[in-house]
Amino acid sequence: MRIEITDERFREILDAYGADPANWPGAERAAIFAHLRGVVDAAVALEEAGELDTMLAWSMVPPPSVALHESVLACAPKMRMARRVRLWWAGLALATVATAGAFAGAAAASVLSPIELPGYGRADATAFGSVLEAGNEE
Amino acid sequence: MDDPDGELIRRVGAGDTQAIEQFVRLKLPRMTALAHRLLGDMRDVEDVVQELFVRVWRQAPRWRPGQARFDTWMHRVALNLCTDRLRRRRELPLSDSWDAPDPALNADGLIEQAERSVAVDKALQALPPRQREAIVLIYYQHLTPQEAATAMDVGAEALESLLARGRRTLRAMLKGPEL
């Protein structure tokens with residue numbers, strides 16, 4: 001369907017959307033261009049509307065902080081799950097190493113013969129030998 | 001409805017970590033800019049953006065393409081979160097009427113880009129909230145008029161009226177010899 005743009009509608013569009021055709025309603029954009037070619041003072045109207053567009057373009061905003069980026073990612077459910085899975089595997093690896101260490105220790109203890117301590121197992125034994133034997137020696 | 005983010009959202013909803021990272025790279029600066037322009041300072045921006053993405057992660061797995069663009073849905077949620085935040089700050093004006101220009105905008109020395117940016121931001125903050133939303137969605141977020149109207153839950157004519165009133169106010173505030 002062919003859309004005709006009146007002078008009034010052209011003005012309304014500039015008043016609302018400014019001079020940048022990218023902001024104009026898509027359905028009317030081609031008709032606005034056609035209208036521009038036929039109107040002598042359209043360039044003036046465009047220029048007036050463009051002044052505010054230029055001023056609006058001065059606005060700058062800071063980019064998101066690294067901390068915000070990290071926290072947004074951290075609250076993504078699958079990212080949380082991926083972290084949990086990584087933690088689970090790390091825990092499993094740690095447990096495996098610990099178990100293997102315990103088995104190795106037990107195996108080594110069973111293979112090596114016990115150390116004979118003097119007086120070990122006797123009722124009169126002390127850390128320094130037999131009390132009775134020590135007394136007897138005096 | 002053709003959604004340029006459709007495939008990405010599907011992968012995000014399925015838990016594809018690469019897609020999630022890509023989505024954040026793509027949308028976080030855009031949504032942070034939106035919240036910054038609507039809220040005016042960084043105090044609440046990060047809270048609002050964080051909450052927005054919590055909702056995105058919840059919504060993505062059950063998103064059904066075809067009704068609206070995901071980006072438009074995100075803008076609608078962001079607008080609601082910002083409105084709630086402003087309401088809590090008790091900064092909402094009582095009516096959608098014209099606000100007096102900030103005299104500070106005509107102060108000397110507003111010639112550098114940073115100062116100009118501050119001036120534009122102040123002017124935006126002085127707008128009634130619905131006019132500010134319309135201006136930000138069209139000029140800074142580059143939504144189509146239809147998308148902006150959907151995000152704001154208004155008709156096309158109401159959107160144009162908000163835009164035209166907003167532009168008139170901004171022009172009055174910003175057009176000065178210092179700028």
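Buried area is the accessible area that two parts lose on being put together, summed over both. In this predicted model, chain A and chain B bury about 3400 Å² between them. Carbon and sulfur atoms account for 67% of that area. The contact draws 33 residues from chain A and 41 residues from chain B.

Polar links also cross the interface. Between chain A and chain B, 16 residue pairs are in polar contact, both residues being at pLDDT 80 or more. The interface holds 3 salt bridges. One of the salt bridges joins the side chains of Arg9(A) and Glu160(B), at 2.7 Å from N to O.

On the side of chain A that touches chain B, four helices each supply at least two residues: H1 (7–17), H3 (42–56), H4 (66–74) and H5 (77–111). H3(A) gives the most to this side, with 6 residues. By residue class, the side of chain A that touches chain B divides into 22 nonpolar, 6 polar and 5 charged residues.

Chain A itself was then examined. Its secondary structure comprises 6 helices and 2 strands. From the N terminus, the order of elements is α-α-α-α-α-β-β-α. Chain A has 138 residues, and 27% of them are buried. The accessible surface of chain A is about 9600 Å², with 65% belonging to carbon and sulfur atoms. Among contacts in chain A with a separation of 6 or more, 42% link residues 24 or more positions apart.

Notes: Residues are numbered from 1 along each chain as its sequence is written. Chains are lettered from A and ligands numbered from 1 in the order in which they are written. This is a predicted model: local features need pLDDT of at least 70, side-chain atom pairs count only at pLDDT 80 or more; totals for chains, interfaces and linings use all residues. Side-chain values use heavy atoms; hydrogens and water are left out. Contact means heavy atoms within 4.5 Å. Buried area is the accessible area (1.4 Å probe) that two parts lose on being put together, summed over both. A salt bridge is a side-chain nitrogen of Lys or Arg within 4 Å of a carboxyl oxygen of Asp or Glu. A polar contact is a pair of N or O atoms within 3.5 Å; within protein, one must be able to donate a hydrogen and the other to accept it, and residues adjacent in sequence count only if both atoms are side-chain atoms. Ala, Val, Leu, Ile, Met, Phe, Trp, Tyr, Cys and Pro count as nonpolar, Asp, Glu, Lys and Arg as charged, and the others, Gly among them, as polar. Buried means under 20% relative accessible area, exposed over 50%, partly exposed in between (1.4 Å probe, protein chains only). Accessible areas come from the Shrake-Rupley method with a 1.4 Å probe; for residues, only the protein chains shown count as cover.
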